[in-house]
Amino acid sequence: GARPVAGEAFRNPAAVGPVKPVGPVDQPGSVLPAPPTPAKPDESVRSVSPTVAASVKSPAEESPDPAAGAAATRPSATSPTTLATGQYLTVGAVVAEVNGVAVYADKVLAWVEKDLAAKARQMPESDFRRYAAGQLNKSRDYFINNELVFAAAQRSLDAKERELAEALTTNWRQRKITEAGGSVELARRQASAQGLSFEELVNEQYRTFMAQIYYQKKVMPRIQISAMDLRDYYRDHLSDEFTDHDQVHFRLIKIDPRETGGREQAIAKVKEIQDQAAKGFDFVELAKTHNRDESLQRAGGDVGWVDKNAFRLEKVEKAVWALQPGQVTSDFVEEDGVFYVAKLEERKVGRVAPFEDPAVQDTIYGKLRARQFKVLQEKAVEALKRDAIIDLKNDNLEIVLEMAMQRYPAWLKGA
């Protein structure tokens, strides 16, 4: 039967004790020795690998700090929500059933409500409706998948694996209290700002840890990465991931003849700036004084670091690369009828990280492992769906959307 969440363990960490690490589970190492042999599917999981932990998170872990930003308001859990159309939806209404287990409207809305409140201030109503509909569908899908995986975990995890989930949850709960200054009451208030109770957050995290352990047991042993896979990835991404290109950091002053009274006046202005720079005037102040381009003016002409052959103004780039750090262009640099004065601040020589570098191999191994995990995770969920009875209550979800739309005007004002 279903095992309830061990509430006493969550209230009293001593009831479970600390989580003891049992050695590396997801450590790639070099490809020169063979990668570690993964655990067999029937072996007991004693820890969760970084790949699984990074890929399987609860909405609470993926969303921003609930204390930040405007708080979303959730209706009372016991009162019906009445719409202007005359429809109503009790907050405990069901938007889906998974093998007879209900997915409730209030939970689906609560997990996306803060996001919707923020997005409302960025979108017109028609765009917001489409966005809200998509987010509510994603939220419902999350809870459907969550229930499928949680039920599978309850069926397949052994006693030690369940104890691990409880211990991880206890530690997570204590960490949240510590982040709240050691106050359980403040942790509860921060959770309520997200539209949920602290107990709901803890319970959802327990279900997430159960899912992580399930995937660690059922999916991770199926991942296979060869030395050839690593080399292929390195070759395909050599330029964009493993090469630091030559770079320059420079400042720029833009002199547009249309803003100075004509070409001759612009040339005179360029000569004035160059003379002042040669006399030791601060180029940052010169850039703030002479730039009419607002972004360059605010930044003191700072363009930042630019890869070689990547700057959109070819003549400016050629002139900059001809400089040494600290030098200012002495020639007239003109492009598309506009004059530029540039100062080179710093230069970096690029390098290529070799494949033999263990850090490079570790990086590639982690990315390939995460990619394979995602594919296998999706297949595992689809397999669970094929064997499940899922009843979608789309009419109720449509009413939840109308609930969100009726809050749009208040969210638009930041209320």
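Arg 130 belongs to helix α5, residues 125–156. Although Arg 130 and Leu 401 are 271 residues apart along the chain, their C-alpha atoms are separated by 9.7 Å.

Before going further, a word on what you are looking at. This is a predicted model, in which local features need pLDDT of at least 70 and side-chain atom pairs count only at pLDDT 80 or more, whereas totals for chains, interfaces and linings use all residues. Residues are numbered from 1 along each chain as its sequence is written, and side-chain values use heavy atoms, with hydrogens and water left out.

Now for the overall picture. The protein chain has 17 helices and 11 strands; these are DSSP runs numbered from the N terminus, helices being H or I with at least four residues and strands being E with at least two. Of the 415 residues in the protein chain, 42% are buried. If you take the contacts (heavy atoms within 4.5 Å) between residues at least 6 apart in sequence, 76% of them join residues at least 24 apart.

Let us look inside. In soluble globular proteins, nonpolar side chains tend to be buried together. A nonpolar core is a set of buried Ala, Val, Leu, Ile, Met, Phe, Trp, Tyr and Cys residues joined through side-chain atoms within 4.5 Å. The largest one here has 74 residues, and those touching the most other members are Val 103, Leu 116, Phe 128, Leu 136, Tyr 215, Ile 364 and Phe 373. Leaving aside neighbours within four places in sequence, the contacts of Phe 373 include Thr 51, Val 52, Tyr 215, Val 219 and Ile 223. There is also a second, separate core of 17 residues, with Val 248, Phe 250, Phe 311 and Ala 342 among them.

Next come the sheets. Strands count as paired if DSSP finds at least two bridges between them.

Strand β3 (residues 94–98) is joined to β4 by 4 bridges, with Ala 96 standing opposite Val 103. These two strands form a hairpin with 2 residues between them, and Asn 99 in the turn has a positive phi of about 50°. Towards β11, strand β3 pairs over 3 bridges, and Val 98 has Ile 390 as its bridge partner.

Helix α4 contains Glu 113, which counts as buried because its relative accessibility is 0%. The side chain of Glu 113 makes a polar contact with the side chain of Arg 407 at 2.3 Å. Such a contact is a pair of N or O atoms within 3.5 Å; within protein, one must be able to donate a hydrogen and the other to accept it, and residues adjacent in sequence count only if both atoms are side-chain atoms.

The other sheet to explore is an open one of 4 strands, ordered β7-β6-β9-β8 and paired in the antiparallel sense. At the edges stand β7 (302–307) and β8 (333–335), each with a single partner strand, so one side of each has no neighbour in the sheet. Strand β6 (residues 247–255) pairs with β7 over 5 bridges, and Arg 251 stands opposite Asp 302 in β7. Helix α12 (residues 263–278) lies across β6, β8 and β9 (338–348), at about 30° to β9. Helix α15 (residues 314–321) packs on the sheet too, touching β6, β7, β8 and β9.

Finally, visit helix α9 (residues 227–236), whose buried residues are Leu 230, Tyr 233 and Tyr 234. They cover an arc of only 100° around the axis, which puts them on the same side of α9; the arc is that of the directions from the helix axis to the C-beta atoms. On the other side of α9, Met 228, Arg 235 and Asp 236 are exposed. The cover over the buried residues of α9 includes α10 (238–241), β10 (351–352) and α16 (358–386).

Definitions and conventions
Buried means under 20% relative accessible area, exposed over 50%, partly exposed in between (1.4 Å probe, protein chains only). Axes are lines fitted to C-alpha atoms, for helices over the stretch in contact, and angles run from 0 to 180 degrees between N-to-C directions.
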